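Hello,

Here is the structure I promised to pass on. Please have a look, and my notes follow below.

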Amino acid sequence: MVVEQKNDSPVGQYAPDFELPGIDGQVHHLSRYLEKFRVVAVIFMCNHCPDVRLYLERLKEIQASFQGEGFTAIAINANDINKDPEDSFEKMKSFAIEQKLNFPYLWDPSQDVASCFDAKVTPEVFLVDHAGVVRYRGRIDDQPENSELVQRHYLRDNLVALLSGKELTTKITEAIGCTIKWREDKK
């Protein structure tokens, strides 16, 4: 696993490149995704978090709606499996099949990538433009419990703006969810 840069406040800065194993048996690099896609959403998530589960259908719908427009989502699980065994690499594979994920699901066992992004919770989104710059950090939308009550579609609206070459109106929101389960040496 390789990480190239530590960011304290990633919005407006280059996203740290990474090399992480995916549940598909492949090694994934952010830089390679940026060669293929105009916008990449790096989403820190895990298997056990109720907030992640509330958002899965919305994330899959966003992926399906925008994948033909130069977009992909990439999910990363960085939780310490000693603190939450439900987030093991093997269980990530089962979770992805059960939930019918339509985007890559990667494992960050060293937690270096999560640390470099300064990720705090699951789910937390970082929208990265084609140049590798983080343009948005935060929540998916303003209503985790009920998708029908959403008034602010942060991820979707910022994605549309980036794909249209427009300036983002909201660049940072406070992500709400389960805290990342850090290893003792990462605290």
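Five strands make up an open sheet with mixed pairing, in the order S5-S4-S3-S7-S8 (strands are DSSP runs of E with at least two residues, helices runs of H or I with at least four, both numbered from the N terminus; two strands pair if DSSP finds at least two bridges between them). At the edges are strand S5 (105-107) and strand S8 (134-138), each pairing on one side only.

This is a predicted model, where local features need pLDDT of at least 70 and side-chain atom pairs count only at pLDDT 80 or more, while totals for chains, interfaces and linings use all residues. Residues are numbered from 1 along each chain as its sequence is written, and side-chain values use heavy atoms, leaving out hydrogens and water.

Strand S7 (residues 124-129) pairs with S8 in the antiparallel sense over four bridges. There, phenylalanine 126 stands opposite arginine 137 in S8. Helix H5 (residues 154-164) packs on the sheet and touches S3, S4, S7 and S8 (contact means heavy atoms within 4.5 Å).

Now to the rings: the whole structure holds seven aromatic pairs (rings of Phe, Tyr and Trp, the last by its six-membered ring, with centres within 6.5 Å; planes under 30 degrees apart are stacked, over 60 edge-to-face, the rest tilted). Phenylalanine 89 and tryptophan 107 have ring centres 5.0 Å apart and planes at 25 degrees, so this pair is stacked. Because phenylalanine 89 lies in helix H3 (residues 89-99) and tryptophan 107 in strand S5, the pair ties together parts 18 residues apart in sequence. Phe44, Phe117 and Phe126 form one aromatic cluster.

Best wishes

Notes
Axes fitted to C-alpha atoms, helices over the stretch in contact; angles between N-to-C directions.
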